[in-house]
Amino acid sequence: MKKILIVNASKRRKGNSYALEARIVEQLQGKAEVATFNIGEKDVRVCMACDACKRQHTPNCIQKDDFTALIPEIDSCDAMMILAPVHWDHFPAQLKAFLDRTYSFMDFTQPDFSMAGRKDKKLAGYFFCGFGPADVYTQMVEANLKHFATAGFRDYKAHVAGDANVPGSILDKPDDLKAADEMVAWLLA
Ligand SMILES: Cc1cc2nc3c(=O)[nH]c(=O)nc-3n(C[C@H](O)[C@H](O)[C@H](O)COP(=O)(O)O)c2cc1C
């Protein structure tokens, strides 16, 4: 069974990222080994740029927080799915902190700058926004998902669902649900 890590970067417990997370977890029951990491409920500190991670040959970080504890899961999963809101046209701060911390996978002595154990992993980014423009946000999400290549996620897909201010409204949007279903099928393939 594939190991899929779901990372949720919303602070709205009743919001759309959580609503979709619950639906996906249910869909994946019996089809994949699923772990969830809800950043809003975790201690994920900012990268200190201390470069201590550059003095070792496996991904690690000297900070002892929930991100460091998750590193082995990030390294060994088959796929990761990020669920998150757009904040001020960007990744929300808590997800940017998560991305910054994947610097712990970077190794400048390697030709591909990566000390990830696995470099064949898939990454899906499913984002929610209020007013958009969703197409511009999709480009922003793709540009940022690219940086997860350092942690071994070389193949990625992005979707941004618009008009998503109302908590749970994603469940009434067939087109956006179809996009989510296709993403999950791609992660499982
Ligand atoms: C601090 C903050 C900044 C936001 N910035 C934007 C924005 O730039 N563009 C946009 O369309 N929506 C913006 N929104 C709206 C959220 O993206 C939207 O409500 C989203 O559906 C929330 O997802 P969630 O329910 O999973 O938390 C912002 C919301 C907050 C709280």
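Reader: How much space lies in the largest pocket?

Author: Rolling a probe the size of a water molecule over the atoms shows where empty space is left. In this predicted model, the largest pocket holds about 330 Å³ of space. A pocket is an open set of points on a 1 Å grid over the protein atoms alone, with protein on both sides within 12 Å along at least five of seven lines; a cavity is a set where a 1.4 Å probe fits but cannot get out; lining residues have an atom within 4 Å of a point. Points are joined across faces, edges and corners, and the volume is the space filled by probe spheres set on them. This is a predicted model, with local features needing pLDDT of at least 70 and side-chain atom pairs 80 or more, while totals for chains, interfaces and linings use all residues. Residues are numbered from 1 along each chain as its sequence is written, and side-chain values use heavy atoms, without hydrogens and water.

Reader: Where does the ligand sit?

Author: The ligand sits in the largest pocket, meaning that more than half of its atoms lie within 2 Å of the pocket's grid points. Around the ligand are 18 residues, and the closest are Ser10, Ser17, Val86, Ala164 and Asn165.

Reader: Which backbone atom lies 2.8 Å from a nitrogen atom of the ligand?

Author: That is a backbone N or O atom of tryptophan 88. For oxygen atoms of the ligand, a backbone N or O atom of glycine 130 lies 3.0 Å from one, and a polar backbone atom of phenylalanine 131 is 2.9 Å from one. The ligand taken alone exposes 640 Å², of which the protein buries 77% (Shrake-Rupley method, 1.4 Å probe).

Reader: What volume has the largest cavity?

Author: Its volume is about 100 Å³, and the structure holds one cavity of 30 Å³ or more. Of the 13 lining residues, Cys47, Met48, Cys50, Cys53 and Cys61 are the closest to the centre of the largest cavity. Its lining divides into eight nonpolar, two polar and three charged residues.

Reader: Which peptide bond is cis?

Author: The bond from glycine 132 to proline 133 is cis, with omega near 15°. Proline 133 belongs to the loop between strand 4 (121-128) and helix 4 (134-145). Aspartate 51 is not a glycine, yet has a positive phi of about 65°; this residue is found in the loop between strand 2 (32-38) and helix 2 (66-76). Helices (H or I, at least four residues) and strands (E, at least two) are DSSP runs, numbered from the N terminus.

Terms used. Near = heavy atom within 4 Å. Polar contact = N/O pair within 3.5 Å; in protein donor to acceptor, adjacent residues only side chain to side chain. Nonpolar A, V, L, I, M, F, W, Y, C, P; charged D, E, K, R; others polar.
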